[in-house]
Amino acid sequence: MQVYVIIPAAGLGTRMSASVPVALNATPNAASSSTPAPKQFLQLRGIPILVHTLRAFAAVATVQRIHVAVRAHEIDRVQAQVHEYALDTRATVVAGGDTRQESVGAALRSLRASDDDIVLVHDAVRPLIDPATIERTIEAVIKHGAAIVGVPAIDTIKQVERTAEGAIIGTTIPRERIVLAQTPQGFRCDLLRRIFREAEADGFLGTDEASLAERAGVPVAVVLGSPRNFKITQPGDLELAEFYLQQSKR
Ligand code: C5P
């Protein structure tokens, strides 16, 4: 049994917006102030976010190979970064698609994995994932066939109706029944291939892999994650990630 990793990194990162300083961009030609770089190419402590993410998985000895899905026009640039940070022996760069699901699907097709191998999918923009959590996810997939990292809800959760006047609360969802899904999300390879085939056949588009498993009636275990493994999404998130990185001395 081998462990493969898919890193979807083909997002455009529009929520980060033009307010991100150009100085944070990974390469001089990556962006201008009018076209901000996708967040996975911004830098944390002088190193691209994607490289931080790759390093976390490369630090896990059981990880055989990491397939990174990027926009087709960014393949050469990311390949050069992979080389610059001496990750060539661990990482392969492939073309992603217009949605996260398409990017993961493309990377999945590029894997030469066996049915009983394990595939972990991890957002490029969660660079603070730690090797111990990755290892616990692998253990949970071995045991359950499918497992994702998640964190309990701290706030009280409301279900709302969207109206012209704004959101109106419908009900309160007991927070002890809520888990906020993170990544990695791991699956036996044959299972992941099956749920992707079924979702594609039905035209279903999910925002994570677990949602594809749920609709197929596949039980998915939850591994306790950490708020530190957050998804870098908004401008202030870079400062928070820098702070966490400084603490962990990575
Ligand atoms: O923006 P979102 O939360 O969907 O991004 C989650 C991850 O999916 C990011 O790492 C992003 O680069 C990736 N993604 C992708 N292909 C897309 C859209 C998002 O690989 N078309």
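**Reading buried residues and cores**

Author: G97 lies in the loop between β5 and α3 (100-110). Bear in mind that this is a predicted model.

Reader: Is G97 buried or exposed?

Author: Burial is read from the relative accessible area, with buried meaning under 20%. G97 has 13%, so G97 is buried.

Reader: Which residues is G97 in contact with, leaving aside its neighbours within four places in sequence?

Author: They are A10, R71, E102 and S103. As for R71, 26 residues separate it from G97 along the chain, while their C-alpha atoms are 6.9 Å apart.

Reader: How should I read a nonpolar core, and which residues touch the most other members of the largest one?

Author: In soluble globular proteins, nonpolar side chains tend to be buried together. Here the largest nonpolar core has 35 residues, and I7, L50, L54 and I66 touch the most other members. Helix α1 (residues 49-58) gives the most to this core, namely six residues. Beyond four places in sequence, L50 is in contact with I7, A9, Q40, F41, V68, V78 and A124. There is also a second, separate core of 22 residues, with V104, V119, V121 and F196 among them.

Reader: What is the nearest side chain of opposite charge to R90, and how far away is it?

Author: A salt bridge needs the charged atoms within 4 Å. For R90 that side chain is E135, 9.6 Å away; R90 is buried yet has no salt bridge. R90 sits in the loop between α2 (75-84) and β5 (91-95).

Reader: Which backbone oxygen does the side chain of R90 reach?

Author: That of A58, at 2.7 Å.

Notes. Residues numbered from 1 in each chain as written. Predicted model: local features only at pLDDT ≥ 70, side-chain atom pairs only at ≥ 80, totals over all residues. Heavy atoms only, no water. Helix = DSSP H or I, 4+ residues; strand = E, 2+ residues; numbered from the N terminus. Buried < 20%, exposed > 50% of the residue type's maximum accessible area, 1.4 Å probe, protein only. Lys, Arg positive; Asp, Glu negative; His and termini not counted. Polar contact = N/O pair within 3.5 Å; in protein donor to acceptor, adjacent residues only side chain to side chain. Core = buried A, V, L, I, M, F, W, Y, C linked by side-chain atoms within 4.5 Å. Contact = heavy atoms within 4.5 Å.
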